[in-house]
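Dear colleague,

Please find the structure below, with my notes after it. I have kept them to what can be checked against the coordinates.

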Amino acid sequence: MEFTLLPRHLRGNGGQLLSSPIPPSFYGDRRLRRFQFSTFPKIQNNLHSMSSSVLMPSSTRCEVSSASTFQEVSDLADINWDNIAFSLLPADFMYVAKALEDGIFMKGELQRFGPIPMSPCAGILNYGQGLFEGMKAYRKSDGSILLFRPEENALRMRIGAERMCMRAPTVEHFVDAVKQTVLANKRWVPPPGKGALYIRPLLMGSGPVLGLAPAPEYTFIIFVSPVGNYFKEGLAPLNLIIDTKMHRAIPGGTGGVKAIGNYSPVLKAQAIAKNKGYSDVLYLDSVHKKYVEEVSSCNVFVVKDNIISTPQIKGTILPGITRKSVIEVARRQGFQVEERLVDVRNCLVLMKFSARERLSLYHL
């Protein structure tokens with residue numbers, strides 16, 4: 001999930017919605033320091049200049065048009081849409097495609113969602129050779145369904161696959177597979193304002209391998225689930241802890257790609273934070289232990305007046321699609337966007353200066 005910190009007044013002219021929290025208070029206590037993030041109204045993004053894909057349902061196949069949405073004409077699933085959380089609620093179908101030793105992905109197919117056969121020697125099980133993406137489909141008030149920049153997720157998966165010595169589907173294959181999967185599960189796309197259809201493309205080394213080596217076969221899967229807000233607070237403030245001991249990524253590692261193995265190492269720090277009543281952890285760099293990097297599952301922006309600062313992409317931070325989009329929109333709206341090292345101590349100073357704007361500094 002990509003989640004960004006932005007000022008209330010940063011808005012585009014139309015199109016898809018982006019989340020927008022901004023930090024109003026800072027807490028500090030030796031090793032752990034606490035941020036409180038307020039989530040402001042959603043930011044609208046001009047999609048006309050941000051390429052999106054469109055499909056139109058057909059009785060025989062998916063048909064692509066040049067607009068930004070695809071029409072949807074099915075009944076909704078019979079569930080309580082007012083009570084969905086960010087948890088798995090299996091939809092009807094998943095997409096599956098394979099690449100054998102020649103590295104070329106065969107034409108995939110839609111299958112009923114369910115277990116998949118896999119060798120105990122699969123590269124993903126033994127050596128963690130896998131990548132995933134996360135994206136969403138939204139239902140609009142006119143009944144159509146909107147996908148946000150799926151080709152960007154496709155490109156990021158290909159970059160990650162190169163880093164992980166994996167075969168990856170082409171951008172066209174990826175986007176078409178996403179469209180097919182969403183259309184096949186369109187009754188699971190929540191009504192407007194009730195959530196989104198979370199889309200999980202998954203690429204893994206499924207072929208058997210005993211010694212440390214790239215897998216001889218790869219499987220590309222897409223499954224979906226209707227979801228509510230990622231954070232239980234919804235649009236309420238988020239409480240984040242800054243942890244100076246545990247780190248999400250190291251220079252030269254895989255922090256800059258969406259590798260499966262990047263996420264389980266943060267579970268302990270996240271559990272400690274949640275046991276203390278916080279929403280998540282804000283990680284610092286592993287070398288100097290003072291530069292802001294990102295939260296467990298989202299990028300970060302720091303805002304002061306007309307200047308928006310965000311940690312620069314240098315191999316330890318995931319290049320988020322929302323991050324990229326926010327930067328583009330912000331610059332078009334006249335904001336000065338700086339991609340640089342963000343010293344957490346300067347964030348503390350920023351909070352002090354922002355007190356006049358109802359942002360307060362507290363100490364535990």
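Which strands do the buried residues of α4 pack against? They pack against β13 (238–243) and β14 (280–284). Please keep in mind throughout that this is a predicted model.

Helix α4

Helix α4 covers residues 267–275, and its buried residues are A269, Q270 and A273. Viewed down the axis of α4, these buried residues fall within an arc of 100°, so they line one face of the helix. In general, an α-helix has 3.6 residues a turn, so residues three or four places apart point the same way. On the face of α4 turned away from the buried side sit the exposed residues K268 and N275. Just after the helix, G277 has a positive phi of about 95°.

Strand β9 and its partners

Strand β9 (residues 135–139) is mostly covered, with four of its five residues buried. Two pairings of β9 are worth looking at. With strand β11 (residues 196–205), β9 runs antiparallel and is joined by three bridges; A137 stands opposite L197 there. With strand β10 (residues 145–147), β9 is also antiparallel and joined by three bridges, and Y138 has L146 as its bridge partner in β10. Strands β9 and β10 make a hairpin with five residues between them, and G143 in the turn takes a positive phi of about 95°.

The nonpolar cores

The largest nonpolar core has 37 residues, of which L131, F174, V178, V182, I199, L203 and F220 touch the most other members. The elements giving two or more residues to this core are β6 (93–99), β9, β10, α2 (150–163), α3 (171–184), β11 and β12 (218–227). Helix α3 provides the largest share of this core, six residues. Another core, of 12 residues, lies apart from it and includes L240, I242, L282 and V295.

What does I199 touch, leaving aside its neighbours within four places in sequence? The contacts of I199 are E133, G134, M135, K136, A137, L147, V178, V182, I222, F223 and V224. Of these, V178 and V182 are also listed with I199 among the core residues that touch the most other members.

The sheet β16-β17-β18

Three strands form an open sheet in the order β16-β17-β18, with mixed pairing. Its edge strands are β16 (302–304) and β18 (336–340), each of which pairs on one side only. Neighbouring strands of this sheet are turned against each other by 20° on average, direction ignored. Strand β17 (residues 307–311) pairs with β18 in the parallel sense over five bridges, and I307 stands opposite Q336 in β18. Helix α5 (residues 321–332) lies across β17 and β18 and runs at about 145° to β18.

The loop residue A77

A77 lies in the loop between β5 (69–70) and β6. Is A77 buried or exposed? With a relative accessibility of 4%, against a cut-off of under 20%, A77 counts as buried. Leaving aside neighbours within four places in sequence, A77 is in contact with R187 and W188. A77 and W188 are 111 residues apart in sequence, yet their C-alpha atoms are 5.7 Å apart in space.

Regards

Definitions and conventions
Residues are numbered from 1 along each chain as its sequence is written. This is a predicted model: local features need pLDDT of at least 70, side-chain atom pairs count only at pLDDT 80 or more; totals for chains, interfaces and linings use all residues. Side-chain values use heavy atoms; hydrogens and water are left out. Two strands pair if DSSP finds at least two bridges between them. Axes are lines fitted to C-alpha atoms, for helices over the stretch in contact, and angles run from 0 to 180 degrees between N-to-C directions. Contact means heavy atoms within 4.5 Å. Buried means under 20% relative accessible area, exposed over 50%, partly exposed in between (1.4 Å probe, protein chains only). The arc is that of the directions from the helix axis to the C-beta atoms. A nonpolar core is a set of buried Ala, Val, Leu, Ile, Met, Phe, Trp, Tyr and Cys residues joined through side-chain atoms within 4.5 Å.
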